[in-house]
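This report describes strand pairing and helix packing in the model shown here.

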Amino acid sequence: MSDLILWNSTATRRRSPTDDFLDNGLAILRTYLELQGYKVEVVDWANSRQWEAMTPVMLARLNGFLASRLIGTGKEGRKRKILGAAFMVSQELTSFMQRLAQRRMISRLVRHIRDTGCKVVGIKTWYGETFITARQFARQLREASPEVLVVAGGPHASTYREAILEDDSFDFAVVGEGEDTLLRILQRAGETDKRSELIELITRDAESGLLENTIYRHNGGYKISRRRKLQADIKTIPSYELQPGKTNIHVIVESLGCPWGKCSFCTHSCTYGSYSIRKPSSVVDEFEKMLADGIGIFRYAGSSTTLSHARRIALELIDRDLKVVYSMFGRAELGASDPEKFKKVVESYRVLIRSGFRAIFLGAESGIDEINEGVMNKGVSRADIIGTVKAIREASRLEGVPIDIGISLIYPAPTLGIVSLEKMMEEDISLVEESRPDSILVSPPAPFPGSQWFERLDEFGFELDKNFVRDMLEYDYVLYKPLYMWPDIGLKMNGMGIKQIFELCGSLRSELERRGFVTEVTDVQFLMLRAAGYKGVEGVIDFKDRTQHSILSCDCRWINRLQERVNQASLEQANKNKLAQPVAG
Ligand code: B12
Ligand code: SF4
């Protein structure tokens, strides 16, 4: 019998081409707890086989046919209206069938847990529909097995914290790292078979500080126990079980949290509460282990990897003569436009490129310094952003290796009365034209709980309905869903409702695309599309169109083939190393 069953909550359909990545977080938890002597089962439906099985083939093909016609038709006209209506009907039917399939899977899982007699179930929670499903699963489980303890953790629990416990679905939630908290919970579970007693023991531990990172109920309210001090250095190296249908790109913890952690819109600093970097030698040990397992493509897990840390890891990779490919989130370098500093930044990026660095995403947020300072508290200037992008380009030219660079913008953003939205858009476009990134991610603004925007709503011009947080918990953010298909939510910024906000956001994307720039392709997607052989800007656009088609239609044929090609490339990359033999292709 398993001591713990960990379930990766999933939506009824793929929401992003990266949904099927090997889940590093769950693998770390399983590996860590098994090393402590516990038996852990991971149930993860986020894989290509499962997505395919969720939609009847004929329906997927019909969606595919309609989506192709719709994408190829102009924005107006009778034909588009008819196609649009037909597409909506087929989407409704698809969702209905997918929900039915998911309900069956959940019932099977609930029965499996009841039959095995496992006493503790953990759920990795994600945003939107996935979270609704997590709650339904927890309720159904409670009915079938009232004595099972249900714990929620993962990114969504870490972002929304106390709000996660607002209905009775979960007994506890965990913010940030879950290793030690789950260990303690399993130890306590060994002391009693009664859920009520177990809850009491855990609550007492949380109150006394023995149990860290735990969100628990207290006197009709909620509390979070002492936060665990981060130690990225002692992070367990995960081992993956054989998982068919997963994309074999490993997310590697080189740091936890963010070295800056002060951007007003961001909640990353709340997830971990601090910042910790991992020794380059430990990071590279993990690279080696994955290479030996046949995985050669990587993504750094840090919210914002510093150039100096990335450089130290790069030197270690070069020293051990490892041949890998990787990408990361980075930050613009302060003073990068100053000629002396520029040279140093170029040199550092050259080292990174020699070690396998191939794509990066930098937070730019806005093209106006006053906005980046007063509204975003970004800590970098427009000149720093442009200088850094140019330095990466120069390093790429000198090394003769193409690097994909993405920047992110938030538009429309609070203006604080400093500028008009028209001016903001103009400056955002001029920033893009000057820096010429390979992709621009334009996001609408949202005050997430825990962020400065949320804490100081009035100051930034936000108005929220009283149900905003509850609604946000279930809000589905799907990168490739056309903005007009997104549901309403009680958020206003400078008097504008969400539809208007989305329209403005969409208008900046369109303006950038009209000027020949690619939007909404992230660094990991660059890793995937390059690994699959898509070349140049045309390759990126082709990848983006096909991904959008695949996600909208749920016709998985192309995206599943893409995964196969990425996995083949990952294996071939691993095979370039003379380590313990990777698995055959
Ligand atoms: C690397 C990364 C990715 C990678 C890999 C994702 C993956 N499958 O692992 C890529 C680039 C593919 C990715 C994609 C996306 N990501 Co991402 N990603 C990150 C990032 C930067 C680090 C995640 C990480 O690896 N952390 C290290 C590992 C070890 O931590 P972990 O997986 O969270 O697990 C630990 C804890 O959460 C906890 N835990 C996990 N599960 C459980 C379960 C239980 C029961 C318990 C108790 C504890 C627990 O213990 C684990 C071990 O310490 C975070 C931001 C951040 N800095 O955390 C965003 C983040 C997780 N991503 C986010 C989003 C939105 C996405 C995308 C939807 C983006 C998009 N629109 O396409 C996709 C979808 C991903 C998916 N469904 O798999 C959001 C999640 C928001 C939310 N509320 O759900 C985050 C928080 C960023 C943000 N916006 O603030 N992402
Ligand atoms: S936006 Fe990026 S740099 Fe800013 S605090 Fe968040 S993770 Fe750090």
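Strand β14 (residues 404-410) and strand β15 run parallel and are joined by 5 bridges; strands count as paired if DSSP finds at least two bridges between them. G406 has S439 of β15 as its bridge partner. Strands are DSSP runs of E with at least two residues, helices are runs of H or I with at least four, and both are numbered from the N terminus.

The model is predicted: local features require pLDDT of at least 70 and side-chain atom pairs pLDDT 80 or more, while totals for chains, interfaces and linings use all residues. Residues are numbered from 1 along each chain as its sequence is written, chains are lettered from A and ligands numbered from 1 in the order written, and side-chain values use heavy atoms, without hydrogens and water.

The open sheet has 6 strands in the order β8-β11-β12-β13-β14-β15, with parallel pairing. Because β8 (249-252) and β15 (439-443) are the edge strands, each with a single partner, one side of each lacks a neighbour in the sheet. From one strand to the next, the twist averages 20°.

Angles run from 0 to 180 degrees between N-to-C directions of axes fitted to C-alpha atoms, for helices over the stretch in contact.

| Helix | Strands | Angle |
|---|---|---|
| α19 (residues 498-514) | lies across β14 and β15 | about 165° to β15 |
| α20 (residues 523-531) | touches β8, β11, β12, β13, β14 and β15 | about 160° with β12 |

Elsewhere, the axes of α4 (residues 78-116) and α5 (residues 129-144) come within 10 Å and cross at roughly 40°.

Notes: Contact means heavy atoms within 4.5 Å.
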